[in-house]
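Work through these exercises with the sequence and the model side by side. Try each task before you read its solution.

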Amino acid sequence: ITSKPAAPYTEIARSNNVQGTVRLKVEFLKNKKIGKIEIVAALPDGLTEQAREAAKKIRFNPELKNGKPVTTTRIIQYNFTLY
């Protein structure tokens with residue numbers, strides 16, 4: 001991963017003091033695009049959706065197998081913490 005955009009808090013999640021981690025199963029395609037995104041662990045008040053939208057914008061170099069790019073799947077986490 002060369003760039004992983006942050007997932008912003010929603011106002012409703014902030015006012016409800018929602019904290020935790022969204023875990024997504026993300027498919028990294030060999031053509032440098034993001035494929036399917038499955039929700040592994042969700043949070044309420046729009047945070048899961050924010051994480052999913054941020055994950056769509058991840059930039060990466062594909063994994064290589066025998067010198068050729070391959071499609072891989074990884075678990076990506078977005079942590080939401082109020083200070």
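Helices (H or I, at least four residues) and strands (E, at least two) are DSSP runs, numbered from the N terminus. This is a predicted model: local features need pLDDT of at least 70, side-chain atom pairs count only at pLDDT 80 or more, and totals for chains, interfaces and linings use all residues. Residues are numbered from 1 along each chain as its sequence is written, and side-chain values use heavy atoms, with hydrogens and water left out.

**Exercise 1.** Locate T81 and describe its surroundings.

Step 1. T81 sits in the segment after β5.
Step 2. Its relative accessible area is 41%, so T81 is partly exposed. Buried means under 20% relative accessible area, exposed over 50%, and partly exposed in between (1.4 Å probe, protein chains only).
Step 3. Set aside neighbours within four places in sequence. T81 is then in contact with Y9 and Q19; contact means heavy atoms within 4.5 Å.
Step 4. Compare with V18. T81 and V18 are 63 residues apart in sequence, yet 8.0 Å apart in space, C-alpha to C-alpha.

**Exercise 2.** Work out the strand order in the open sheet.

Step 1. Three strands take part, in the order β2-β1-β5, with antiparallel pairing. Two strands pair if DSSP finds at least two bridges between them.
Step 2. Find the edges. β2 and β5 (72-80) each have a single partner strand, so one side of each has no neighbour in the sheet.
Step 3. Neighbouring strands are turned by 25 degrees against each other on average, direction ignored. Axes are lines fitted to C-alpha atoms, for helices over the stretch in contact, and angles run from 0 to 180 degrees between N-to-C directions.
Step 4. Look at one pair. Nine bridges join β1 to β5, and G20 stands opposite F80 in β5.
Step 5. α2 lies across β1, β2 and β5, at about 35 degrees to β1.

**Exercise 3.** Which residues have the most contacts inside the largest nonpolar core?

Step 1. A nonpolar core is a set of buried Ala, Val, Leu, Ile, Met, Phe, Trp, Tyr and Cys residues joined through side-chain atoms within 4.5 Å.
Step 2. The largest one has 20 residues, and L24, V26, I58, Y78 and F80 have the most contacts inside it.
Step 3. β1, β2, α2 and β5 each supply at least two residues of this core.

**Exercise 4.** Where is N17, and is N17 buried or exposed?

Step 1. N17 lies in the loop between α1 (11-15) and β1 (20-28).
Step 2. N17 is exposed, because its relative accessible area is 55%.
Step 3. N17 has a positive phi of about 55 degrees, although it is not a glycine.
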